Protein chains: 2
Amino acid sequence: MARWQPDSRGRLAKAALVLYDDQGFENTTVAEIAASAGVTERTFFRHFPDKREVLFAGGIDLGALAAEGVAAAAPGLSPLDAAMAGLNGLIAVIGERHEFAARRRRIIDTNPELRERDLIKNAEMSATLAGALRDYGLDEETATLAAEAAVGAFRVAWLRWTASKDGRPPLADQVQESLERLRTLTLGGL
Amino acid sequence: MARWQPDSRGRLAKAALVLYDDQGFENTTVAEIAASAGVTERTFFRHFPDKREVLFAGGIDLGALAAEGVAAAAPGLSPLDAAMAGLNGLIAVIGERHEFAARRRRIIDTNPELRERDLIKNAEMSATLAGALRDYGLDEETATLAAEAAVGAFRVAWLRWTASKDGRPPLADQVQESLERLRTLTLGGL
């Protein structure tokens, strides 16, 4: 007798991540993920279009979260600070789950198709952030540049943080360090 | 009697661009491109794996060109200037062909699959540039940040330049303007 099980989506995502990490993304079937989560394949496809999207549709729309952060920012910030106001909420959410983030990155790194998907998601987030910065009052080009610079700084910090064993220093601190570095890019020599 | 025709690759690329622009990327077949260039389909596939790659394999490896520029740069430049030393050669090559660049961009903008491909090529170029900057002597994170910032500035300028009717001001000038903007991102308010 099947009993009612809450949060199929969350359990499917967790089961997929464990299987991808243990036996490889290519070697894992939707049937295995569904079985491991105790649901049918049909339930899997109600939540995700394919096994790739499990890694990119974690239930949180990061672009929308970033846009909300900009909308809620104090007026008159520098372009980069306004962009960071957008990313801070997202950094808080991601920063709490180091083990999940590290595992997810390990999986993505093993597969060229997943790496491409990740780059595209990143570019989409940058575009959404740039749109929010235009609404904040920046001209189009400044908005685009600020979004690209902030997302670049975030990405560099994320790469370092997900590669660390224990998630120390915290993601938020590492992003701050990347931003400091960004500010000095135009200065000095080697 | 077939006569010998030089530069099949170049003629195929040009024919493809005209057809994609006139009748749409989706509506154009490899057979039509080959016929328009006066060669066989087999010749097309000797030069390009599919009709998408015609738009991204223009015979110039932009990443390699950028890496060469960094390798040839004077020592001791600021990270951003070293990155720009990489992009300058590429800006010179692209900047000479406004009509081609504008048409190519129009085609890419019409098709989500092409837009994704374009983002990936961009990210790949940024990664290649970052590698060259590490060889130049920058630490990994500074190299990545400088590459992302420079490619971001280039991209903003390219968007503006390809959208202009006559390619004025020149691409190189527009990149300079983006860089100036980038330097002030962390300053002031609105």
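1. The centres of domain 1 and domain 2 of chain A lie 27 Å apart, taken over C-alpha atoms. Domain 1 covers 8-55 and domain 2 covers 62-186. These bounds come from an automatic or database domain assignment.

2. This is a predicted model: local features need pLDDT of at least 70, side-chain atom pairs count only at pLDDT 80 or more, and totals for chains, interfaces and linings use all residues. Residues are numbered from 1 along each chain as its sequence is written, and side-chain values use heavy atoms, without hydrogens and water.

3. How many residues of domain 1 of chain A are in contact with domain 2 of chain A? Nine, and they meet 11 residues of domain 2. Contact means heavy atoms within 4.5 Å. The two domains bury about 1100 Å² between them, 57% of it on carbon and sulfur atoms. Buried area is the accessible area (1.4 Å probe) that two parts lose on being put together, summed over both.

4. Five salt bridges are counted between the two domains of chain A. A salt bridge is a side-chain nitrogen of Lys or Arg within 4 Å of a carboxyl oxygen of Asp or Glu. The side chains of A:Glu113 and A:Arg52 form a salt bridge (3.3 Å, N to O).

5. Now the chains. 35 residues of chain B are in contact with 35 residues of chain A. Chain B and chain A bury about 3000 Å² between them, 70% of it on carbon and sulfur atoms.

6. Eight salt bridges are found across the interface of chain B and chain A. B:Arg181 forms a salt bridge with A:Asp139, with the closest N and O atoms 2.9 Å apart.

Methods. Chains are lettered from A and ligands numbered from 1 in the order in which they are written.
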